[in-house]
Amino acid sequence: MTFEALTTWLAEPGLSHYLILSALLFSLGLFAVLTRRNAILVLMGIELILNSANINFIAFSRYTTGTLDGQLIAIFVIILAAAEAVVALAIVLNIYQTFQTVNVDEISQLKD
Amino acid sequence: MELTVILFYVFALLTLASGVVVVFSKNVVHSAFALLFTFFGVAGLYVFLMADFLAITQLLIYVGGILVLLLFGVMLTTKVFDIQVRTGTLHILPATVVVALIATILVVLFWGTEWKMSGAPLDVTSTAPALGEKLLTTYVLPFEIASVVLVVAMIGAAMIARRDRKDRTSARSEGGSR
C-alpha cells in the first residue's frame, strides 16, 4: 500500500477503522484476562472484550446491513454484561471472605 | 481534515489509551478509573455510528452501574491500609505471544476483507422509537427472557454475597465476649 493510499484511508473513517479499533480493544481485554492476578482486573478485561464485540455489532449494523438489528443485539449484550458483572462480583466477594485473597493463582481449592 | 474525522480519532485514541492504562496499570483503583474513560470513548464512537440510544445506555449502565460495582468490588476485596492495592501479573511471555498473534490475525483480516456494503446507510434521525418498536414486536421473546435473566442474576447475587446466618451469629457472639 502506498503512502497516498494510506493517507486517504486515514482521512475517511469507515467500517474497517471501527473493526480494527475493536480488534485492538479485544486484544487488550484478552491480555488482561490472561495475565492479571487480581480477579477484579480479570472482570475488567471481560468488560473490554464485551465492549469490543459491541463496537463490531454496531459498526456492521451501520455500514453493511442498514438495519437496526445489530444495535438490538448490542442492547442484549449490555444487559447480559450487567448480569454477568453482578454475579461475578458476588462470587469474588464470597471468595474473599473464604480465602482472604482474590488472586486467581492462589485460589485452587473449592473450599477452605 | 474535517471536524468529525478529528473527533473520531480523538475518541478512538481515548478508548485505546485508557484501555492500555486499564490493562497495564499496577494499581487496581487506577485501572478502574481508566475504565471510565474507555467506556466514555466507546460511547462517543457509538454516536459516530448513529446509535444515539446505545450511547446513552452505555453511559448509564456501564459508567453508572457496572463501573461503580467494580469499584465497590475493589474497595471490599483489598485491605487498603495494610496491604498495597498493587497486584502482580502471571505468565506474561506466553500471553504476549498469543495476544500478539490474535491481534495480528484480526487486524489483517479486518483490513483485507472487502465487506459487502449496503448502498444506503441508516437514515433515521433518532433510533429510540425504532428500537422500542422492534423490542416489542420481533424481539419480544429475547426481551422477556432478558428481564427474567436480570431478576435471576439479582436474586442469585444477593444470595451468594451475603454471609451465612450461622457465621453472623457466631461473629456477633465473638464480638460480645470481647
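These legends walk through a few views of a predicted model with chains A and B.

**View 1. The helices of chain A.**
Let's start with how chain A is built. Chain A has four helices and zero strands. Read from the N terminus on, its elements follow the order α-α-α-α.

**View 2. The outline of chain A.**
How does the radius of gyration of chain A sit beside that of a compact globule? For 112 residues, a compact globule would come out near 13 Å, but chain A has 19 Å. Along the principal axes, the C-alpha atoms of chain A fill a box of roughly 60 × 35 × 15 Å.

**View 3. Inside chain A.**
Here we look at burial and contacts. Of the 112 residues in chain A, 50% count as buried. Now take the contacts in chain A between residues at least 6 apart in sequence: 43% of them join residues at least 24 apart.

**View 4. Where chain B meets chain A.**
Now bring in the partner chain. On chain B, 68 residues are in contact with 59 residues of chain A. Which elements of chain B give two or more residues to the side that touches chain A? They are helices H1 (3–24), H2 (28–48), H3 (52–77), H4 (92–112), H5 (128–136) and H6 (140–161) of chain B. H3(B) gives the most to this side, with 11 residues.

**View 5. The residue types on the touching side of chain B.**
Stay with the side of chain B that touches chain A, and sort its residues by type. They divide into 51 nonpolar, 15 polar and two charged residues.

Conventions:
Residues numbered from 1 in each chain as written. Chains lettered and ligands numbered in written order. Predicted model: local features only at pLDDT ≥ 70, side-chain atom pairs only at ≥ 80, totals over all residues. Contact = placed C-beta atoms within 7 Å. Nonpolar A, V, L, I, M, F, W, Y, C, P; charged D, E, K, R; others polar. Rg over C-alpha atoms; globule rule 2.2 N^0.38 Å. Buried ≥ 20, exposed ≤ 12 C-beta atoms within 10 Å, placed from the backbone.
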